[in-house]
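This report describes selected features of one protein model. Please consult the sequence and the structure shown below while reading.

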Amino acid sequence: MYAIVAREPGGADVLEWTEVPDPEPGRGEVLIDVAASAVNRADLLQRQGFYPPPPGAPNIIGLECSGTIAGLGPDVTGWQVGDEVCALLGGGGYGQKVAVPAAQVLPLPDGVDVVTAAALPEVACTVWSNVVSHAGLKAGEVLLVHGGAGGIGTHAIQVGKALGATVAVTAGTAEKLAKCADLGADITINYRDQDFVEVLGERGADVILDNMGASYLDRNLQALAADGRLMVIGFQGGRKAELDLSKLLPKRASITSLGLRARPLEGPHGKGAVVAAVREGLWPLIAKGQVKPIVHATLPMADAADAHRALESGGDVFGKIILTV
């Protein structure tokens, strides 16, 4: 088969479409003929040599895919060859085929085609596991989403609104903020000239979904409401910061950082449980039209380098970039 491989750590130019060995499904795995994958910031980090795949995962980049089941490993039940699916991956999405544990596979949501579905698994599992399963966002609460124009952000806006929350977002341009408002964001904050702590005021946010990490830590703590939950999912603003515990104690606040890629398959917090919760809780919202995948552009898989450059530059990217086989 052919796949996108990084010749060495570096810029987008190190990516090349080349022939690699076909994967074989192991026990409990299915083989998927990939129709599409999608680009995530973690892909950029892996290409740069900063985010190696977990043990047992392929070195090929790609944390999600959609396609058709082409083969079943031993002990697989509930799936058939020919089923159209999407899947959460530990790696391997940027290829023509991928083997993945059956517990990480999802049926296509009602109303979503097989290519567009590639934009869902990573954002769906990240947002649902953080905002819903762990932070327990409730109707009437305030959800603050940093990076509202990205794949995670555009998805989180819709999930928050579907659950009855008031959603605030940060983004860097008026155009992106207007699009966030079209998705349902109630409060839009341009981080270039507005302070989200001041905008939220004394009410604050009950749940904050943060992709910045260190650079936003202190202000996130200031912005939290009583019993607030800060969910850190990225480190675009750095990994290390000083933590003033006295800002947590009076608010009874909590800080949690939940990764997805390195989780085990099994267990109460494993990938299988996350995928099952997404299928049960989120897929009906998509079927009702309350949540939809937001796709900025669709490119051929062989042009993955162009997709990486577009995401790195920021620019006008809104939502996910899909790569088709």
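Buried means under 20% relative accessible area, exposed means over 50%, and partly exposed lies in between, with a 1.4 Å probe and protein chains only. The model is predicted, so local features need pLDDT of at least 70 and side-chain atom pairs count only at pLDDT 80 or more, while totals for chains, interfaces and linings use all residues. Residues are numbered from 1 along each chain as its sequence is written, and side-chain values use heavy atoms, with hydrogens and water left out.

With a relative accessible area of 3%, His146 is buried. His146 is placed in the loop between strand E8 (142-145) and helix H3 (151-162); helices (H or I, at least four residues) and strands (E, at least two) are DSSP runs numbered from the N terminus.

The side chains of His146 and Asn220 are joined by a polar contact of 2.9 Å. Such a contact is a pair of N or O atoms within 3.5 Å; within protein, one must be able to donate a hydrogen and the other to accept it, and residues adjacent in sequence count only if both atoms are side-chain atoms. Not counting residues up to four places away in sequence, His146 touches Thr170, Phe196, Ile208, Leu209, Asp210, Asn211, Tyr216 and Asn220, where contact means heavy atoms within 4.5 Å.

## Aromatic rings and charges

In the whole structure, a search finds 2 aromatic pairs. The rings of Phe196 and Tyr216 have centres 5.5 Å apart and planes at 40 degrees, so this pair is tilted. Rings of Phe, Tyr and Trp (its six-membered ring) pair if their centres lie within 6.5 Å; planes under 30 degrees apart count as stacked, over 60 as edge-to-face and the rest as tilted. Because Phe196 lies in helix H5 (residues 196-200) and Tyr216 in the loop between strand E11 (205-210) and helix H6 (217-223), the pair ties together parts that are 20 residues apart in sequence. Both Phe196 and Tyr216 are buried.

Arg219 lies over the face of Tyr216, at 5.0 Å from the ring centre, and Arg261 lies over the face of Tyr51, at 4.9 Å from the ring centre. A charge sits over a ring if NZ of Lys or CZ of Arg is within 6 Å of the ring centre and within 35 degrees of the ring normal.

## The parallel sheet

Six strands form an open sheet with parallel pairing, in the order E10-E9-E8-E11-E12-E13; two strands pair if DSSP finds at least two bridges between them. Strand E10 (187-190) and strand E13 (254-257) each have a single partner strand at the edges, so one side of each is left without a neighbour in the sheet.

Strand E8 runs parallel to strand E9 (residues 166-171), to which 4 bridges join it, and Val145 stands opposite Val169 in E9. From E8, Val142 and Leu144 point one way and Leu143 and Val145 the other way, and all are buried.

Strand E3 (residues 29-38) pairs with strand E4 (residues 64-72) in the antiparallel sense over 7 bridges, with Asp33 opposite Thr68 in E4. E4 is also joined by 5 bridges to strand E5 (residues 84-88), and these run antiparallel. The bridge partner of Ser66 in E5 is Cys86.

Glu266 is placed in the loop between E13 and helix H7 (271-281) and counts as exposed, at 64% relative accessibility. Glu266 and Ala103 are 163 residues apart in sequence and 8.8 Å apart in space, C-alpha to C-alpha.
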